[in-house]
Amino acid sequence: MAQTDPFALARRRMVEDQIARRGVRDRRLLAAMADIPRHLFVDEALWSQAYDDHPLSIGQGQTISQPYMVALMTEALGLTGREKVLEIGTGSGYQTAILARLADWVYSVERLPELSRRAQAVLEELGIFNLNLKVGDGTKGWPEHAPYDAIIVTAGAPQVPQPLTEQLAEGGRLVIPVGDRHVQTLLRITRRGDRLVREDLGGCRFVDLVGDHGW
Ligand code: SAH
């Protein structure tokens, strides 16, 4: 008999109260977030807070993003299931798991080896295999697999790293927080031929994007 997940109810409430109620409509995304066990991506001491409406520490000065922020950014990518996605800032791997559920393949870069190792272990345990993780400076993108239909950056950048816009496919979307070290604006940048169309999706607050084209 399948074991009942003690957090299934908390997860459904999270989706209804924090995400659907705030206007996220993408049904595949809501289903993925109701299904993927977010608590497994944080330390066991934090399991009871894993479905709360805020970010949580994942060690090394980094955080797993607030569930609503994961939903908002993912919805902005407009995924249908066929996309090749690049993620910068694997962190806990939770956002990676959501992307892997909604797209065809995910490439994800993390600069801290310990976080990348842990994320890989959790993703494997959950049987999520349509992805490749790499340790390195994600501000340079991952040129070997470019172009990408969608790129998501889950750390705050001082400006949009040029390698990332260069690695966007035609019609591809880049979602990235840009600003100073305390507060950023979430931007969506869409490639239309040689033009980059920029939309402002609102204020946010992320840990630093550290690298050649970051802080
Ligand atoms: N999506 C993750 C967010 C983790 S916080 C989650 O929800 O768990 C942001 C992550 O970006 C941190 O793990 C940090 O180490 C990483 N990071 C910062 N600068 C980076 C860079 N240049 N390349 C890759 N990862 C970076």
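The exercises below work through a predicted model, moving from the ligand to a helix and then to single residues.

**Exercise 1. Find where the ligand sits, and work out how much of its surface the protein buries.**

Solution. Start with the location: the ligand sits in the largest pocket. Next, look for polar contacts, taking pairs of N or O atoms within 3.5 Å. In the side chain of Thr154, an N or O atom is 3.2 Å from a ligand nitrogen. Gly89 places a backbone N or O atom 3.4 Å from a nitrogen atom of the ligand. Finally, turn to the surface: taken alone, the ligand exposes 580 Å², and the protein buries 100% of that.

**Exercise 2. Describe the shell around the ligand by its residues, their classes and the strands that supply them.**

Solution. First, count: 26 residues surround the ligand, and the closest are Thr63, Ser92, Glu110, Gly138 and Val210. Second, sort them by class, which gives nine nonpolar, twelve polar and five charged residues. Third, trace where they come from. Strands β2 (62–64), β3 (84–88) and β4 (105–110) each supply at least two shell residues. The largest share, three residues, belongs to β2.

**Exercise 3. Decide why helix α3 is described as largely enclosed by the rest of the structure.**

Solution. Begin with the cut-off: a residue is buried when its relative accessible area is under 20%. Then go along α3, residues 67–77, and list those that pass: Pro67, Tyr68, Met69, Val70, Ala71, Met73, Thr74, Ala76 and Leu77. Nine of the eleven residues are buried, so the helix is largely enclosed by the rest of the structure. To finish, step just past the end of α3, where Gly78 takes a positive phi of about 60°.

**Exercise 4. Are Tyr107 and Val153 buried or exposed?**

Solution. Take Tyr107 to begin with, which lies in strand β4. Its relative accessibility is 10%, so Tyr107 counts as buried. Now Val153, which is found in strand β6 (residues 148–153). With a relative accessible area of 0%, Val153 is buried too.

Terms used. Residues numbered from 1 in each chain as written. Predicted model: local features only at pLDDT ≥ 70, side-chain atom pairs only at ≥ 80, totals over all residues. Heavy atoms only, no water. Buried < 20%, exposed > 50% of the residue type's maximum accessible area, 1.4 Å probe, protein only. Helix = DSSP H or I, 4+ residues; strand = E, 2+ residues; numbered from the N terminus. Near = heavy atom within 4 Å. Polar contact = N/O pair within 3.5 Å; in protein donor to acceptor, adjacent residues only side chain to side chain. Areas by Shrake-Rupley, 256 points an atom, 1.4 Å probe, with all protein chains shown as cover. 1 Å grid on protein atoms, 1.4 Å probe; cavity = no way out; pocket = protein on both sides within 12 Å on 5 of 7 lines; lining within 4 Å. Sits in = over half its atoms within 2 Å of the grid points. Nonpolar A, V, L, I, M, F, W, Y, C, P; charged D, E, K, R; others polar.
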